Amino acid sequence: MPAPRTVLLTGAAGGLGTLMRSLLPEYGYTLRLFDVRPVEGEPDAITADLADRDALREAVRGVDAVLHLAGISLEAPFEKILRSNVEGTYHLYEAARQEGVPRIVFASSNHAVGFTPAPRAGEPLIPVDTPRRPDTFYGLSKSFGEDLAQLYWDKHGLETVSVRIGSCFPEPTSVRMLSVWMSPADGARLFHAALTAEEVGHTVVYGSSANTRLWWDLTSARALGYEPRDDSEPYAGKLVAEQGELDPENPAHSHLGGHFVNDPPIWPH
Ligand code: NAI
Ligand code: 15L
C-alpha cells in the first residue's frame with residue numbers, strides 16, 4: 001500500500017504510545033493523537049473515550065491508517081475490559097469502516113495465547129497459527145480483537161495487522177522478558193512494516209526483537225519487511241544473576257503469558 005502519511009495513534013498517552021510518538025515521526029508519519037487522558041505537551045491531541053462514536057468517527061476521518069494501542073493493558077475486572085477493549089475496539093473498527101480507512105495495526109498481545117507452553121530447548125518456536133489460549137479476560141479481549149479484525153477483512157476489506165506484542169519497554173526487567181522483549185526501536189520498525197507492507201489482508205504476527213531466547217516464530221513479521229536489530233541477551237547476565245533461570249515446573253515461568261497464567265481473576269465486577 002502507498003506509504004501512509006497521516007496515522008491515528010490511539011492510546012497516545014500510554015507507555016507504548018509515548019515511545020511511538022517519539023520514534024514514528026522519523027519514518028515520515030504525521031500522527032494524530034487520541035486518548036481518554038490528555039497527552040502531555042500535545043494540546044492538539046483528541047481527548048476522548050473509545051466509547052464516544054462521534055469523536056472516533058471524526059478522529060479517523062481522512063487518516064491513511066490507524067495504530068490502535070488504546071485499551072486496558074493488563075488484567076482488570078471483566079466489565080472494564082469489555083468496555084474499553086471489546087466494545088471500544090468494535091467502535092474503532094466501525095468508525096474506520098464508515099470513513100473508508102484502509103488499514104489498522106492492532107496491538108494484540110502474547111496473552112491471547114498466554115496459556116501456550118513455552119518451547120523447551122530444541123523444541124520448535126511457537127507458530128502464529130497456534131490455537132489461541134487466552135490467559136486472562138485481558139488476553140480474551142485481544143483474542144476478540146483478532147477475530148474482529150478477521151471479520152472486517154473478510155466482510156469489508158478493511159486490512160489489519162494484529163501484532164501480538166511481547167513486552168515492549170526500554171529494557172527487559174525479568175528473565176521471561178529475555179524471550180519476549182521487543183525493544184522500542186524494533187517496535188517502531190515492526191509498526192512501520194505493518195503500516196506499509198502490501199496486501200496484508202488480516203495478518204497475525206508476533207512482536208519481539210531477535211532475541212537469542214526467543215519463544216515464537218517471527219516469520220510472518222519478517223514477511224512484512226520487518227528486520228529486528230535488537231536482542232535481549234546483553235541483559236541476561238544481570239537478570240539471571242538476580243532472578244535465576246526460569247523453572248520449568250513453575251507455570252508462571254513455563255507458559256508464554258508468564259504470571260498472567262496463575263494470577264487470580266479480578267473479582268468482583
Ligand atoms: P498503557 O496502559 O500504558 O496505555 C494504554 C492507553 O490507552 C492509556 O493511555 C489509556 O489512557 C488509553 N485508554 C485506555 N482505555 C481507553 C479508552 N476507553 N478510550 C481511550 N483511551 C483509552 O499500555 P501500553 O503498555 O502503552 O500498551 C499499549 C497497547 O499495547 C495496549 O493495547 C496493550 O494491551 C498493548 N500491549 C502492550 C504491551 C507492552 O509491552 N507495552 C504488550 C502487549 C500488548
Ligand atoms: C501485555 O500485554 C501488557 O500490556 C504489558 O504491560 C506486559 O505485561 C506484557 O504483556 C508482557 O507480557 O510482558
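On a 1 Å grid over the protein atoms alone, a pocket is an open set of points where a 1.4 Å probe fits, with protein on both sides within 12 Å along at least five of seven lines, and lining residues have an atom within 4 Å of a point. The model is predicted, with local features needing pLDDT of at least 70 and side-chain atom pairs counting only at pLDDT 80 or more, while totals for chains, interfaces and linings use all residues. Residues are numbered from 1 along each chain as its sequence is written, and side-chain values use heavy atoms, without hydrogens and water.

The second largest pocket has 18 lining residues, and Pro119, Arg120, Ala121, Trp215 and Leu246 are those nearest its centre. Its volume is about 350 Å³ (the space filled by probe spheres set on the points, which are joined across faces, edges and corners). The lining of the second largest pocket comprises nine nonpolar, four polar and five charged residues. In this classification Ala, Val, Leu, Ile, Met, Phe, Trp, Tyr, Cys and Pro are nonpolar, Asp, Glu, Lys and Arg are charged, and the others, Gly among them, are polar.

The largest pocket has a volume of about 960 Å³. Its lining consists of 37 residues, with Leu69, Gly71, Ile72, Ser73 and Tyr138 nearest the centre. Of the lining residues of the largest pocket, 18 are nonpolar, 14 polar and five charged. Helix H1 (15-23), strand S2 (30-35), S5 and H4 each contribute at least two residues to this lining, and H1 gives the most, with four. Helices (H or I, at least four residues) and strands (E, at least two) are DSSP runs, numbered from the N terminus.

Strand S5 (residues 103-109), one of the contributors to that lining, is mostly covered, with seven of its seven residues buried (under 20% relative accessible area, 1.4 Å probe, protein chains only). Arg103, Val105, Ala107 and Ser109 point one way from S5, and Ile104, Phe106 and Ser108 point the other way.

Strands pair if DSSP finds at least two bridges between them. S5 runs parallel to S4 (residues 65-68), to which three bridges join it, and Val66 stands opposite Ile104. From S4 the chain passes through helix H3 (residues 78-99) to S5 in a right-handed β-α-β crossover (with the strands pointing away from the viewer, the path from the first strand over the helix to the second runs clockwise). S5 is also parallel to S6 (residues 159-165), with seven bridges, and Ser108 stands opposite Arg164 in S6. S5, helix H4 (residues 137-156) and S6 form a right-handed β-α-β unit.

Terms used. Chains are lettered from A and ligands numbered from 1 in the order in which they are written. Buried means under 20% relative accessible area, exposed over 50%, partly exposed in between (1.4 Å probe, protein chains only).
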